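Okay, thanks everyone, I'll keep this short. Let me put the structure up, and then we'll walk through how the chains meet.

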Amino acid sequence: MVTLGDYLIVSGVLFAIGFAGVMLRRNLIIIFMSLELMLNAANLSLVAFSRFHVQPNGLPNYNAQVFVFFIITVAAAEVAVGLAIIVALFRARQTTNVEDIASLKF
Amino acid sequence: MPAYLFWIFALLMLVFGAAVVINRNPIASALNLVVSFLSLAALFMSLDAFFVGIIQVLVYAGAIMVLFLFIIMLLDLRVEKLRKINWVASAGGIAVALALLTQIFYVIGNLKAARQTFPPLARSTIDDVRNVGLALFGNYNLPFQIIGILVLVATIGVVLLSKREVR
């Protein structure tokens, strides 16, 4: 049988993959995709806990699923704003590589 | 859902998620991300969260990934040229990610609930949308309205960002 820990470990590995992507890649768009992976990993563990804590009426805990709904909405807004910023940056600098955008670097 | 289906979809999700990070072509990365999200939607369905699974497919695999592909097309990104790899920075990044992973494993290993299987449900959650809607418009009505304003602000912000000439 699949346990709660299996879901949590899969979610943790997905989060680590996304984190490694943010740390290793230098293309802004790929970094953004890795951020999405991390958000989704959090969603997976939330839904797993929602299914694990069955309410007295025999249904999963829907508070966690409402939270996931909010996360997905915020992620959609975040992607729209982030990609608009990337397009504005590309118009100004003609690059999406983070190493070429270092004017704020100490 | 049988256990082997869980492992198949989990493996698919992780392999394609890793492919997102490894691929040098942004379009290939975006398409790998779509497959990863679809497998994640299957995992949501295996947890009896049908509504969340469906909005995962509609919003993530549909809307958000189309936005990504659209921007990649707009910026005309090609396969990245091989730059000199900064080995110190790469090793540091991998080390930090591995440290995070070991911490996650340690915490889950010490969690007693993690070794339990999921308790059975009293009835089917096939009417998931109704239950999520009841929670959303009942207890969470105010956050829901605030989220609506957030999306409106994001829309206006995007329009402003793409109209103004950035120097």
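So, keep in mind that this is a predicted model. Start with helix 2 of chain A and helix 3 of chain B: their axes come within 12 Å and cross at roughly 175°. Anything over 145 degrees counts as roughly antiparallel, and therefore that's what we call this pair.

Which residues of the two helices actually meet? From helix 2 of chain A we have I29(A), M33(A) and V47(A), and across from them, in helix 3 of chain B, sit V52(B), F68(B), I71(B) and I72(B). By class, that contact is seven nonpolar residues, with no polar and no charged ones.

Now zoom out to the chains. On the chain A side, 62 residues are in contact with 72 of chain B. Helix 1 (4-24), helix 2 (28-52) and helix 3 (62-93) of chain A each give two or more residues to that side, and helix 3 of chain A gives the most, with 24.

Okay, next the largest nonpolar core, which has 60 residues. M33(A) and V47(A) turn up again here, among the members that touch the most others, along with L14(A), L44(A), A48(A), L43(B) and F44(B). Helix 2 of chain A gives the most to this core, 13 residues. And the core lies between domain 1 (1-80) and domain 2 (127-167) of chain B, because both give residues to it.

Last one, A48(A): beyond its neighbours within four places in sequence, it contacts L4(A), Y7(A), L8(A) and, over in chain B, L47(B).

Definitions and conventions:
Residues are numbered from 1 along each chain as its sequence is written. Chains are lettered from A and ligands numbered from 1 in the order in which they are written. This is a predicted model: local features need pLDDT of at least 70, side-chain atom pairs count only at pLDDT 80 or more; totals for chains, interfaces and linings use all residues. Two residues are in contact if their C-beta atoms, placed from the backbone, lie within 7 Å. Helices (H or I, at least four residues) and strands (E, at least two) are DSSP runs, numbered from the N terminus. A nonpolar core is a set of buried Ala, Val, Leu, Ile, Met, Phe, Trp, Tyr and Cys residues joined through C-beta atoms within 7 Å. A residue is buried if 20 or more other C-beta atoms lie within 10 Å of its own, exposed if 12 or fewer, and partly exposed in between; C-beta atoms are placed from the backbone. Domain bounds come from an automatic or database domain assignment. Axes are lines fitted to C-alpha atoms, for helices over the stretch in contact, and angles run from 0 to 180 degrees between N-to-C directions. Angles under 35 degrees count as roughly parallel, over 145 as roughly antiparallel, 65 to 115 as roughly perpendicular and the rest as oblique. Ala, Val, Leu, Ile, Met, Phe, Trp, Tyr, Cys and Pro count as nonpolar, Asp, Glu, Lys and Arg as charged, and the others, Gly among them, as polar.
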